[in-house]
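Take a look at the model below.

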Amino acid sequence: MDIPSPLETTKRKVAHSDQHGFSVFPDQVRVPNVIVMVGLPARGKTYISKKLCRYLKWTGFKTKVFNVGEYRRTDANAADAIHGANASFFSPDNADALKVRTEAAGRAMEDMADYLNSGAGAVAIFDATNTTKFRRKTIIEFCKNNTLRCFFIESVCDDPAIIDSNVTDVKVNSPDYKGLMSAEQAKEDFMNRIENYKKQYEPIEESEDEKLSFIKVINAGRSFKVHQVQGHVQSRVVYFLMNIHLLPRSIFLTRHGESEYNAMGRLGGDSPLTEDGRKYAVALGEFFEEESVQNLRVWCSQKVRAAQTAQYLRPEMHAEYWKALDELDAGICEGLTYEDIQQRYPKQADDRAADKYHYRYPSGESYEDVVSRLEPVIMELERQANVLVVSHQAVLRCILAYFYDRPLSELPFIDIPLHSLVKLTPRAYHCDSTIYKLDLETGEWDETSAQLPLCDSPRD
């Protein structure tokens, strides 16, 4: 069936974990999952693979991409010139090249099985064209023999504009061509490569195997076809794929201006802004007056200090107030300083220092909990155009870890100073990051193109 709109989000169950107390990630993946990409070249398979891998890792699933093209290029028996930088290498009549490609796929599959069966990972993404029924049958049999659950993602595209954009923006810079051909030569050769693949392409059909689990992503997400989705991971994959797009857009992130509790070194609470915090709020409004970002939407936490920070933005920006964007709940430690916590609850301070991501404040939250409640926010950020998020340190750390593709172990330590603004510009395979820091004395913004570093103090 064709499904034109995204699935509704669902809440995840919370279960007990012996290692970290209560966790939103119980033993969800008893059978490891292999996600198999299918489609002609320049259909966005690697783009989907990388985005999906980032999302699954952020939500707590150990995930890795196995790109067959990279295995092909690292074969010691041949140079790039005959390993891909020539369309004839991909001709169905080239028996020698077919042998090389088959061996590369075999090595990738063996590494994938080792990764999953060793317990090192829960999900593997097999990134290759996999355009024939024979190749897909081979993968299915391999997964059965290794007790792995298999799910196919076929990217189908017949829109010439999308294909041309993908070839021009991404493929001509492929390692297959870099330093070997001009951009024009590379584009011409790659289009010939596509024609060679078309000669042998067999799209996935339900008749291929009634029990086959797959989703077809048609013309970069304009429509979808879903069949026999099984298990939690596959459901999450479908949910995610129905929300992503690659339209030009910018995402702005900022903490609220300095609050009275910030000035006192106290956690949480709902205190108003200080004089410096109000200066930042005014400067933030002026910044977006000058930037003139088209159709900018403002998402704000429901805390007083965040609402006050957003109050000088233009009314037509239509600020929306999200409970999900509220700061991490420090439970019994709300309103205390870190010194107070060390003195009153030394065991809690030690537990937090030992595992900051999983540590949950008594009657409060952990970073892991915040990631869970932010998942609908991330889905909306993937779907929307230009957005400004006015929130808090812990929340923005979780969002930045997603777009920066940082491991969960680093997430609680991303340094997000007060009175700074982060501009994220999602690209095909990465995310550009620009940092603007306000000098309160001069009212000037300092601009740097970089990701935010990890903080010096592991406590904050």
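The largest cavity holds about 40 Å³ of space. A cavity here is a set of points on a 1 Å grid over the protein atoms alone, where a 1.4 Å probe fits but cannot get out. Points join across faces, edges and corners, and the volume is the space filled by probe spheres set on them. The structure has one cavity of 30 Å³ or more. Its lining (residues with an atom within 4 Å of a point) consists of Leu328, Arg352, Lys356, Tyr359, Tyr361, Glu365, Ser366 and Tyr367. Four of these are nonpolar, one is polar and three are charged. Ala, Val, Leu, Ile, Met, Phe, Trp, Tyr, Cys and Pro count as nonpolar, Asp, Glu, Lys and Arg as charged, and the others, Gly among them, as polar.

This is a predicted model: local features need pLDDT of at least 70, side-chain atom pairs need 80 or more, and totals for chains, interfaces and linings use all residues. Residues are numbered from 1 along each chain as its sequence is written, and side-chain values use heavy atoms, without hydrogens or water.

Now the helices. Helix α8 (residues 231–241) packs against helix α14 (residues 367–383) at about 40°, with axes 10 Å apart. From α8, Arg236, Tyr239 and Phe240 meet Glu375, Pro376, Met379 and Glu382 of α14, with contact meaning heavy atoms within 4.5 Å. Four contact residues are nonpolar, none polar and three charged.

Last, the annotation. An unreviewed UniProt entry marks a "binding site" that includes Ser259 and Arg305. The annotated residues spread over 51 residues of sequence but cluster in space, with a largest C-alpha distance of 14.2 Å. Ser259 sits in the loop between β9 (251–255) and α9 (260–264).

Note on methods. Axes fitted to C-alpha atoms, helices over the stretch in contact; angles between N-to-C directions. Helix = DSSP H or I, 4+ residues; strand = E, 2+ residues; numbered from the N terminus. 1 Å grid on protein atoms, 1.4 Å probe; cavity = no way out; pocket = protein on both sides within 12 Å on 5 of 7 lines; lining within 4 Å. UniProt positions renumbered as here; feature names shortened; annotations may be inferred.
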